[in-house]
Amino acid sequence: MEFRTFDKDYVQRLAQGDRVVQDHFAAYFGELLYIKLRGRVRSSDAIDDIRQETFKRVLQAASREGGIEQPERLGAYVVSVCNKVVSEGSRNGAKHIQTGQEMDARADSRIDLDAPLVNRERRRVVEDVLAKLSRGDQKLLRMIFLDEKNKAEACRQLGVGEDYLRVLLHRAKSRFRKKLAELKDSAILNTSRLRRV
């Protein structure tokens with residue numbers, strides 16, 4: 001599955017009924033939710049019901065004014081809505097949702113069903129932070145950490161010695177951490193605003 005970033009335009013087109021966007025949304029999140037639910041829900045019909053209810057609620061939220069305040073976090077929003085649907089189903093005594101000891105007994109601890117969602121979210125955050133850095137910092141950090149080039153190759157491409165590469169890398173990582181902290185701070189502020197509403 002191809003990694004996708006989301007933005008305000010995507011959410012608006014989703015809310016307006018753009019067929020291409022809605023088809024993409026259903027296919028993209030349908031697969032992710034299936035992976036998430038298959039260890040918690042007994043039947044494929046129940047999984048489909050939960051996915052459909054999740055999609056319905058997300059589309060309703062997207063259609064409301066200010067319904068999805070952080071479009072770039074659409075993935076996390078969809079997962080939280082799905083969790084709420086599952087929680088409501090288990091509270092209402094739905095027999096298709098496993099809870100408590102039954103779920104613990106059947107869960108395979110070797111498989112982390114949320115890992116693809118978490119990894120996508122982490123990658124999106126890294127890309128967001130990198131976009132806020134200078135081109136030089138972006139190039140260096142991508143080269144070392146994403147492309148995993150060795151230091152000799154990085155020195156050759158950048159035309160610097162290994163000692164200076166260490167200095168450049170230290171500075172770039174420091175600026176990355178600062179931007180990441182700013183992003184987290186703004187996310188906390190937005191979350192606290194949501195709780196007050």
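Predicted model: local features only at pLDDT ≥ 70, side-chain atom pairs only at ≥ 80, totals over all residues.
**View 1. The whole chain, end to end.** Residues 24 or more positions apart make up 63% of the chain's contacts (heavy atoms within 4.5 Å) that have a separation of 6 or more. Numbering starts from 1 along each chain as its sequence is written, and side-chain values use heavy atoms, with hydrogens and water left out. The chain has nine helices and zero strands; these are DSSP runs, with helices being H or I of at least four residues and strands E of at least two, numbered from the N terminus. Of its 197 residues, 30% count as buried, meaning under 20% relative accessible area with a 1.4 Å probe, protein chains only.

View 2. Mean pLDDT for the chain is 79, with 77% of residues at 70 or more. Over residues 189–197 it is below 50, and this stretch has two contacts in the model beyond near neighbours in sequence. Residues 98–111 also stay under 50, with eight contacts beyond four places in sequence.

**View 3. The aromatic cluster.** Phe6, Tyr10, Phe25, Tyr28, Phe29 and Phe55 form one aromatic cluster. The structure holds six aromatic pairs, counted when ring centres of Phe, Tyr or Trp (its six-membered ring) lie within 6.5 Å; planes under 30 degrees apart are stacked, over 60 edge-to-face and the rest tilted. Zoom in on Tyr28 and Phe29: this pair is edge-to-face, at 5.0 Å centre to centre and 80° between the planes. Both Tyr28 and Phe29 are buried.

**View 4. Helix H3, residues 44–63.** H3 has 20 residues and reaches 28 Å from first C-alpha to last, close to the 28 Å expected at 1.5 Å a residue (1.5 Å times one less than the number of residues). Its buried residues include Ile47, Ile50, Arg51, Thr54, Phe55 and Val58. An α-helix has 3.6 residues a turn, so residues three or four places apart point the same way.

**View 5. Two nonpolar cores.** A core here is a set of buried Ala, Val, Leu, Ile, Met, Phe, Trp, Tyr and Cys residues joined through side-chain atoms within 4.5 Å. In the largest, of 26 residues, Phe25, Phe29, Leu37 and Leu74 touch the most other members. Helices H1 (8–15), H2 (19–37), H3 and H4 (74–91) each give two or more residues to this core. Apart from it lies another core of 15 residues, among them Val125, Ala154, Leu165 and Leu169.

Key: Buried < 20%, exposed > 50% of the residue type's maximum accessible area, 1.4 Å probe, protein only. pLDDT = per-residue confidence, 0-100.
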